[in-house]
Amino acid sequence: MTLESLSFIEAILASAVSAGTIYLIASVGECVTERSGVINLGIEGIMAMGAITSFIITLAYGHLAAILAAALVGAVFGLLHAFLSVSLRLNQIVVGLAITWLGLGLSAFMGAPEVARELLKALNPAVPEYLAELKQAPRLPEVRVEFLAGVPILGRALFSQNALVYAGLASALLLWFILFRTRWGLSLRSVGENPALADTAGVNVFAVRYLAVIVGSALAGVAGAYLFIGYQPFWVENLTRSRGFIALSLVILSSWSPLRAIAASFLFGGVESLQFRIPLRGFGAETPQLIMMLPYIITIVTLVLISLASRGRIPAPAALGKPYSREE
Amino acid sequence: MVEDLLESPGPAPTPIPKVEMRGIVKRFPGVVANDKVDFTIYAGEIHALLGENGAGKTTLMNILYGIYTPDAGVIRVRGVPVRLRSPRDAIRLGIGMVHQDFRLIEAHTVVENVFLNYDGLGFIPKWSALESRLEEIASNYGWRLNPRARVGDLSPGEKQQVELLKLLVRGADILLLDEPTSVLTPIETKMLFKTMRRMAGEGKSIVLITHKLSEAMSVSDRVTVMRRGRIVLSKPTREATIEELSTAMVGAQLIGNTVLEERPTAPADGVPTLQVSALSVMGDEGVLAVRDADLTVNRGEVVGVAGVSGNGQIELVEAIAGLRKPVRGKIILNGVDVTGASPRRLMELGLTYIPPEGKKWGIVPELSIYENVALRVARYEPYSRLGVINWRRVAEVAERVVSEFRVDTASIKNRAGSLSGGNVQRLILGRELTTSKPSLLVAAYPTKGLDIAASEQVRRILSRLRSEGVGVLVLSEDLDEILELSDRIVVMYGGRVVGVVRRGDATPELLGVMMSRGVAVSAST
């Protein structure tokens, strides 16, 4: 193997991980939400809100505050979703789509130069306003793990990334552990399988679902923050480009397991970064639209394959999408 | 907990009652499910609670398990008066229930199901320790149960063991088992009885809710029979006879021993409209539910099908109505072989089917009354032309149905789901009978869940059809009703027709014995 192709592979892997982290953070959160029996189709909009929040707050107060604020904004949207879908028992599909359009619209509004400028001025008058009009923010710094980053092939992908990449991986491991090894996780999964049974066993179905939706939405907010300050720190409208919906289908691909979501996310991160690399090699240079479709085509194909492999019985949480109410 | 109150093994109950229920009353809209019921459970006994479906036995046990609150009455557990507001209250007092339909999470493992929200669980439970604890309890009862198996992969018998484990780990020593053998194979049943015996030997009290006489006789120490919400008999099992129990169960005391008189025969007597021969039908569980059944219904005759529920009656009529494909045998309707024909073709050949649970299977509750009528007639002229419904005509016929069959509603535009059970049943009958004249009416439990007056009206409609020369095949769980309506009574047991009794020969005792033992007795034709 030539040195050149080795470094090409290293570059692909590194960008697979950095692009995949967008999906990882969002889909790990959605795994938790869906395991409780609620489907949140709003994560596209919540990601957009997380991204715009991180843009403005980074300029005003810096990265850490931006990430926390994005999580908070996500949590607030999650609270709204939970109120509508869990308490009022509205159709989860409708609620989720409404939140997506709300988030996309609101984030586009907040990102408009004149609005962003006013927001920045209001938050921190000490920061020069014109920064908001540049639509840029400082990128999250890389945190190199010196002795490991030099490992061939995987070193760069896994140990020369920003802090949110590591945090995303850690959250996947942590949430997997909570879901499958702890008492809380058992209660949460039971609520997603059979809420009536969990209720009679003394589990507070409503509290569990609220918490699961809020945690998942907060992570979607962080995914949006990562998309902006960690991946592409230049604000454009429709920055998320349906990545929230891809994250949703990755939840199915990883069969509702945060561990498998790691592999699924990085795989799709690879597909996404390939779309930028393939034109460089000549193919599709004339028709970039074709290449841009690649992630979505692959999403559909993998979902079909999964459905076939499981003979039409995808092991979804049995109560997914079904509002719960006590009979009496 | 009182888990280890070891008693001397064997059936001898101690005189200190573990549970005393006194004067329990529970009313549901239109019915009194429990009418001043007294029920006592002793330590170390297996107590069979016997009765037909709807006799009130499950209601009584649901009260003891905290699912329902009684309207009146007192419950004492180990001598202390208690108020049970939820199953959790019951569990705390050591009372546990295994429902007929298992309450398990199929996607989870055995150990996860058993210890869901268990009190002694730490934040990070020591799963391996819990697994070995389950294995220990399981091996104590001779069960081979892998705690890590997914519950969805288990057999019904094993699922039941998981249900029992849920109760045992929480220290339950009063176990209420609702029809526990209904999903079990004979071998699993035997195993369950052995387990129950062992548990009783350990001082636990077990209530076996059942409608099967043979089970009550073979495994219980004490038997209590309920009928229509009341206790009609309670005594030690060894002092009870099977005849006495079956009579108590089906309520012969209402009719006594009077033999019903022959009725004048109906006009077209003797001409068969339905002939079923050697019919075998598969049930939902993949075993034959009907085996080699022969049956004839003549014009102007009511044939009642009697049997303890679950003996193939519903599968039989579903096969006749075209809803289930027969495995073997022949169905002839008015001389035409209709084996395996579609419901629509059967309808056009003169069969009308009244499904069980009218509100669920007979109407679309969200649609209006006249739209429900349209469901039946809209295919035919003049109610539709070229696929376009003539709503004016439909409304006319709907008005006729409502007035002729006394469907009590302010308007035919009202939602069909807003009608009471009796009105729904009259709407269904009216819809079927106003626009077509069947030669055979098959009615599955047409009065189930209806109050006395509504039941009487339905019976009157069936009798009127008989006098008009229609053949009627009717299923009922109410033996009195069968006796009142039928010219001939077909008794089913274990999927077989075990006897056909003429009206003049039928007595409740005779039918009760045939239904519960599956023996054809003399006087059958």
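This is a predicted model: local features need pLDDT of at least 70, side-chain atom pairs count only at pLDDT 80 or more; totals for chains, interfaces and linings use all residues.
Me: How many helices and strands does chain A have?
Reply: Chain A has 16 helices and 2 strands. Both are DSSP runs numbered from the N terminus: helices are H or I with at least four residues, strands are E with at least two.

Me: And chain B, how many helices and strands?
Reply: Chain B has 17 helices and 22 strands.

Me: What is the radius of gyration of chain A, against that of a compact globule?
Reply: Chain A has 20 Å, which agrees with the value near 20 Å for a compact globule of 328 residues. The radius is taken over C-alpha atoms, and the globule rule is 2.2 Å times the number of residues to the power 0.38. Along the principal axes, the C-alpha atoms of chain A fill a box of roughly 65 × 55 × 40 Å.

Me: What share of each chain counts as buried?
Reply: In chain A, 49% of the 328 residues count as buried. In chain B, 45% of the 525 residues do. Buried takes 20 or more other C-beta atoms within 10 Å of the residue's own, exposed takes 12 or fewer, and partly exposed is in between; C-beta atoms are placed from the backbone.

Me: Switching topic. How many residues are in contact between chains A and B?
Reply: 15 residues of chain A are in contact with 13 residues of chain B. Contact means that C-beta atoms, placed from the backbone, lie within 7 Å.

Me: Which helix of chain A gives the largest share of that side?
Reply: H10(A) does, with 5 residues. H10 covers 183-193, and H11 (195-200) of chain A also supplies at least two residues.

Me: Now H5 of chain A. Which residues are buried?
Reply: Helix H5 (residues 113-123) buries Ala116(A), Leu119(A) and Leu120(A). These fall within an arc of 95 degrees seen down the axis of H5(A), so they line one face of the helix. The arc is that of the directions from the helix axis to the C-beta atoms.

Me: What is exposed on the other side, and what do the buried ones pack against?
Reply: Glu114(A) and Ala122(A) are exposed there. The buried residues of H5(A) pack against helices H2 (43-61), H4 (92-111) and H6 (130-133) of chain A.

Me: How many residues are in the largest nonpolar core?
Reply: The largest nonpolar core has 240 residues, and those with the most contacts inside it include Ala26(A), Val222(A) and Val442(B). Helix H12 (residues 205-231) of chain A gives the most to this core, 18 residues. Such a core is a set of buried Ala, Val, Leu, Ile, Met, Phe, Trp, Tyr and Cys residues joined through C-beta atoms within 7 Å.

Me: What is Val442(B) in contact with?
Reply: Leaving aside neighbours within four places in sequence, the contacts of Val442(B) include Val317(B), Ile320(B), Tyr353(B) and Leu473(B).

Note on methods. Residues are numbered from 1 along each chain as its sequence is written. Chains are lettered from A and ligands numbered from 1 in the order in which they are written. Two residues are in contact if their C-beta atoms, placed from the backbone, lie within 7 Å.
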